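Hi,

Here is the structure I promised to pass on.

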Amino acid sequence: MSWLSVAKKDFIDSRRSKGLLGLISLYVLLLALIVYFAGDSPQSAMTDVLALVSLIGIFIILSALIVAYLSIAGERESGSIKYLLGLPNTRFDLVVGKFAGRSMVITVGLLLAFGVAGALGVVLLDSVDFVVFAKFFLLMLFFTLTYIGIAVGLSALCASRSRAMASSVGVFFVFNVLWTVPTISPAAMLRYVAEDKLGMVFGPEIYELVFLISPPYAFQRAAGLVFTEQSIYFPRYFSPQMNIPFYLEEWFMLVILGAWLVVPLTIGYLSFERADLG
């Protein structure tokens with residue numbers, strides 16, 4: 001269980017980071033303020049608060065990327081990775097341990113933030129559905145771990161801090177900015193190539209699937225599993241009255257998020273396994 005020792009060391013080292021503690025404190029404060037101001041509205045419910053939190057997941061994305069993007073690249077640039085691999089640790093142990101260690105850090109932060117929000121909700125809000133609260137916490141945690149997996153995978157691919165940072169910024173830009181620009185989004189590019197160049201016609205469900213490949217929007221769609229009384233995701237390419245194929249259902253979004261967690265980690269590990277650490 002060498003990966004476990006790597007995870008424990010990484011968790012302890014990360015816990016000492018003032019920047020990370022500040023980031024977690026900021027998230028705790030953000031959730032607390034949302035609950036506090038929601039308490040001023042009539043018939044305030046925790047479900048409405050959580051629906052609002054799900055729409056500002058951009059902060060979660062940034063937190064996960066910041067926490068994990070230097071996990072391996074930083075060790076390589078500083079040279080400390082030779083010490084880590086000099087112990088009875090394999091490169092596989094290092095990748096898995098770093099993912100587990102950073103995941104523990106972000107899990108503690110989320111537990112603290114949701115704990116404070118839940119306590120305030122009991123005092124300030126008219127109703128708190130703890131079943132919905134628990135489900136949303138688990139979904140948010142899964143979404144966050146997805147980005148931890150992406151960031152650790154990118155970090156394993158990169159040999160320097162600057163490349164790891166550029167890669168993380170690129171991931172954030174592509175999935176949160178480029179994905180929504182009508183003329184250059186992946187869905188728009190697919191339509192241009194398929195229809196204008198090849199004369200092929202795809203149904204709206206295909207373009208919707210391409211849009212939902214982006215983790216933030218897959219998360220918003222998956223939130224329908226939690227918020228059954230309201231919707232926070234609105235389809236871009238198909239009407240809700242249409243027959244929805246299984247790959248556009250809320251549950252399938254968990255498969256997409258799971259793929260984003262596993263695939264980058266696997267690619268990063270395979271590249272790191274072959275890398276010359278000099």
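**What I found**

Let's start with helix H12, residues 215-222, which is mostly covered: eight of its eight residues are buried. Here, buried means under 20% relative accessible area, exposed means over 50%, and partly exposed is in between, using a 1.4 Å probe and protein chains only. Helices (H or I, at least four residues) are DSSP runs, numbered from the N terminus. The buried residues of H12 are Pro215, Pro216, Tyr217, Ala218, Phe219, Gln220, Arg221 and Ala222.

Before you go further, note that this is a predicted model, where local features need pLDDT of at least 70 and side-chain atom pairs count only at pLDDT 80 or more, while totals for chains, interfaces and linings use all residues. Residues are numbered from 1 along each chain as its sequence is written, and side-chain values use heavy atoms, with hydrogens and water left out.

**H8 and its partners**

Take H7 first. The axes of helix H7 (residues 91-124) and H8 come within 9 Å and cross at roughly 150 degrees, so H7 is roughly antiparallel to H8. Axes here are lines fitted to C-alpha atoms, for helices over the stretch in contact, and angles run from 0 to 180 degrees between N-to-C directions. As for the wording, angles under 35 degrees count as roughly parallel, over 145 as roughly antiparallel, 65 to 115 as roughly perpendicular and the rest as oblique. The crossing of H7 and H8 is right-handed; a crossing gets that name if the near helix is turned clockwise from the far one by less than a right angle, and is left-handed if anticlockwise.

On the H7 side, the residues that meet H8 include Val95, Phe99, Arg102, Ile106, Leu110 and Phe114. Their counterparts in H8 include Phe130, Phe133, Phe136, Phe137, Met140 and Leu141. Contact means heavy atoms within 4.5 Å. By class, this contact of H7 with H8 has 17 nonpolar, five polar and one charged residues. For those classes, Ala, Val, Leu, Ile, Met, Phe, Trp, Tyr, Cys and Pro count as nonpolar, Asp, Glu, Lys and Arg as charged, and the others, Gly among them, as polar.

Next comes H13 (250-274). The axes of H8 and H13 come within 7 Å and cross at roughly 20 degrees, and the two helices are therefore roughly parallel to each other. H8 passes H13 in a left-handed crossing. Among the residues making the contact are Leu139, Phe142, Phe143 and Gly149 of H8, along with Leu254, Leu257, Trp260 and Leu261 of H13. The contact of H8 with H13 divides by class into 17 nonpolar, six polar and no charged residues.

Then there is H9. Helix H8 (residues 130-157) and helix H9 (residues 161-176) have axes that come within 10 Å and cross at roughly 140 degrees, which makes H8 oblique to H9. This crossing of H8 and H9 is right-handed. Tyr147, Ile150 and Leu154 of H8 make the contact with Ser167, Ser168, Val171, Phe175 and Asn176 of H9. Those residues divide into five nonpolar, three polar and no charged.

**The core**

Which residues have the most contacts inside the largest nonpolar core? They are Tyr27, Phe114, Phe136, Met140 and Tyr147, in a core of 78 residues. H8 gives the most to this core, with 16 residues. A nonpolar core is a set of buried Ala, Val, Leu, Ile, Met, Phe, Trp, Tyr and Cys residues joined through side-chain atoms within 4.5 Å. Leaving aside neighbours within four places in sequence, phenylalanine 114 is in contact with Tyr27, Leu31, Leu50, Phe133, Phe136, Phe137 and Met140.

**A few single residues**

Lysine 98 is in helix H7 and counts as buried, at 3% relative accessibility. Not counting residues up to four places away in sequence, lysine 98 touches Val6, Asp10, Ser71, Ile72 and Glu75.

Isoleucine 256 lies in helix H13 and is buried, with a relative accessible area of 10%. The C-alpha atoms of isoleucine 256 and alanine 218 are 7.1 Å apart, although the two are 38 residues apart along the chain.

Aspartate 276 sits in the segment after H13. Is aspartate 276 buried or exposed? Aspartate 276 is exposed, with a relative accessible area of 71%.

Cheers
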